[in-house]
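Open the model in your viewer and keep the selection tool handy.

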Amino acid sequence: MTIRHTRRVFLTAATSVAVALAATACGSPQDTASGGGDAAPVKVGLVYSQSGPLASYGKQYIEGFKAGLDFATEGTGKVGDRTIELTEADDAGDPAKAVSVAKDMIGKGTKIIAGSTSSGVALQVAPIAAQNKVLFISGPAATDAVTGANKYTFRSGRQSWQDVVTARSFIGDAADKKVVVFAQDGAFGDANEAAVKAVIGGAGANVSSVRAPASATEFTPFASQIKAAKPDLLFVAWAGTTAGAMWQTLDQQGVLASTTVVTGLDIRASWPTFGAAGTKISFLSHYFDGASDTEAAKAAKAKVPGGTLDLFHPDGFAAAQMVVRAVQEGGDDVEKMVQALEGWEFEGVKGAMKIRAEDHALLQPMYQAKLSGSGTAFTATVQKSLTGDESAPPVAQMKG
């Protein structure tokens, strides 16, 4: 586990929206945040995957966070006269490591923890936040269970329900439609099948599944089962090194030509996996470069290495905006931080964002997308944008 202590002051490329955000605060940020001249730094702990299977997600998250902090503080890295002091830690996707380092940070006076690339990590850190009455802003972790976990837990990314609602939008009225979930056996497949049954089945569709062993390398029999079912929508949930062969088989066996096939659009580096099938798939998307043209998106592009946004840059960016809002309004009072975030509406990279007060769900745009081109030259374009209200999950009961 590595921990890096840094004090960062950033130069800004765009400040107009940051000014607007600051203007929504009641009173002077200096007065609110510093208690009238106390320039002690604000300690923020960032616990995310720097290594492990989700390291690429974590990299995008931290790049987005630093860009968002620059944006929300107008390039100063400060709220009032207080520097935002970041402590970064690698949880490697291990909940036990995350809990250990979060407790250590809290013991050293940190009142804001952010990060959680992994859903398993988020679900273990959330109770720690409630027990210690510190603010926790979960990151890319998509599990629905983070929403409503407790009053101290928020999220800066989307959740699984929003993904599946976006998939449902491809078939319009779901009543009496036939939907097949094609997924691997195991927890990942179980979770996706359950989500589709809850969201699309709950809207009146008839949902069934075709499941394959995680070790499968021959996919023709599964393609035949799918074609025989004649679904109106095929929802594919697949992970791992066999994805390329799976998509090639679905394409060769005519599945992609016979029905609407929907899957999630992952990070840009994964796009070549789709091969020739890429242009024939309908994608639900959390984000990709060019999906929005907000001031926040422009600012993020100007700051992230390479100037190209990816799937989880918006999550880090929004987390930083939420941190700055919490400190502007709450200073060192965590209860006031929570109140400042509940119901807050702001413009993030994706556009209009709203933190639902009842359960802390983050309502946000979601996208239907298509790929054009091929291989490493694929380009994604938005086919339709869903508003935050259109993709909103049902209100969850706050657990604590």
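Seven residues of domain 1 are in contact (heavy atoms within 4.5 Å) with six residues of domain 2. This is a predicted model, in which local features need pLDDT of at least 70 and side-chain atom pairs count only at pLDDT 80 or more, while totals for chains, interfaces and linings use all residues. Residues are numbered from 1 along each chain as its sequence is written, and side-chain values use heavy atoms, leaving out hydrogens and water.

To colour the two parts, select 42-158 + 292-360 for domain 1 and 162-285 for domain 2; these bounds come from an automatic or database domain assignment. Their C-alpha centres lie 31 Å apart.

Between them, about 630 Å² is buried, 48% of it from carbon and sulfur atoms; this is the accessible area (1.4 Å probe) that the two parts lose on being put together, summed over both. Now select R158, D310 and L311: in domain 1 these lose the most area to domain 2, together 59% of what that side buries.

For a last stop, select L135, in strand 6 (residues 135-138). Is L135 buried or exposed? L135 counts as buried because its relative accessibility is 0%, and buried means under 20% (1.4 Å probe, protein chains only).

Key. Helices (H or I, at least four residues) and strands (E, at least two) are DSSP runs, numbered from the N terminus. Buried means under 20% relative accessible area, exposed over 50%, partly exposed in between (1.4 Å probe, protein chains only).
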